[in-house]
Amino acid sequence: MKSVKLNNGIEMPMVGFGVFQVSDEETEKAVLEALNAGYRLLDTAAVYGNEAGVGRAIKASGIPREEIFVTTKLWIQRENGYENTQKALENSLTRLGLDYVDLYLMHQPFGDVHEQWRAMEDLYKAGKARSIGVSNFHMDRLMDLITCHEIVPAVNQIETHPFYQRDAEIAFHKELGILQQAWAPLAEGKFEIFSNPILTQIAQKHGKSVAQVVLRWLNQRGVAIIPKSVKVERMLENREIFDFTLDEQDLAQIATLNRDEIIFNHRDPKMVKWLAEHRG
């Protein structure tokens, strides 16, 4: 599945390009190379500090704006509410050099979630965001949001990879018509994923790389992906996942890898330092 219709009818690519922890200067070059490699979904966020780099790359590419699907995210701060959420998107649009984004996500289920979502609904109705969604929302928080508001989020972007497979979330999102999008689909290289014997065996069976097997596994489960790489050869490799299919035996073997283990740790010293530098 190369693309999917969101719950408001908008078409979205299932494979995108993420720029988390890429500097603004590096982002421009990487995004331009990704666009040249055929990517048409770009995923950034206000807190990444590289929206301007994404915008410069879009402009330099010469690709018509309507052919590129751009996602950015609202960073949660104490003062966020209705008005500050609206200002936050305007600031993101200024940095991106765009009139609208295709998807605007609430980055975390923190702050005044309901006022933030109400503002996002109005931004959607005003055409500033063609679709709206959330990121890092657990099922209970997501259901609370849906129950209290008019618009059902189009996307929930959450950590999903072979070691944190999120079967319950996939079923839950499908039932509600919400697309699950995986951040860190390759577990950021942790847990020795690229040398895992099960994944390696499956990759050899299909004549593919471990990364391609994992990304295809997510795609077959109906999960969108935003792998990140600043190397052109990896960018190309991560898109070449539609010329093979994992069989039932492959899927059963991958299922045994689940540990329900996360890679994102707010207490990790490197993450604490990065968040401190980017909170704004």
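## Basis of the description

Axes are lines fitted to C-alpha atoms, for helices over the stretch in contact, and angles between N-to-C directions run from 0 to 180 degrees. Helices (H or I, at least four residues) and strands (E, at least two) are DSSP runs numbered from the N terminus.

The model is predicted: local features need pLDDT of at least 70, side-chain atom pairs count only at pLDDT 80 or more, and totals for chains, interfaces and linings use all residues. Residues are numbered from 1 along each chain as its sequence is written, and side-chain values use heavy atoms, with hydrogens and water left out.

## Packing of α7 and α10

Helix α7 (residues 197–206) packs with helix α10 (residues 248–255) at an angle of about 160°, and their axes are 10 Å apart. The two helices are therefore roughly antiparallel, a term for angles over 145 degrees.

On the α7 side, the contact (heavy atoms within 4.5 Å) is made by I198, L199, Q201, I202, K205 and H206, and on the α10 side by Q249, D250, Q253 and I254. These residues divide into 4 nonpolar, 4 polar and 2 charged; Ala, Val, Leu, Ile, Met, Phe, Trp, Tyr, Cys and Pro count as nonpolar, Asp, Glu, Lys and Arg as charged, and the others, Gly among them, as polar.

## Positive phi angles

Q21 is not a glycine, yet has a positive phi of about 60°. Q21 lies in the loop between β3 (17–18) and α1 (24–36). At 40% relative accessibility, Q21 counts as partly exposed, the class between buried (under 20% relative accessible area) and exposed (over 50%), with a 1.4 Å probe and protein chains only.

A187, also a residue other than glycine, has a positive phi near 55°. A187 is placed in the loop between β9 (179–183) and α7, and counts as buried at 0% relative accessibility.

Definitions and conventions. Parallel < 35°, antiparallel > 145°, perpendicular 65-115°, else oblique.
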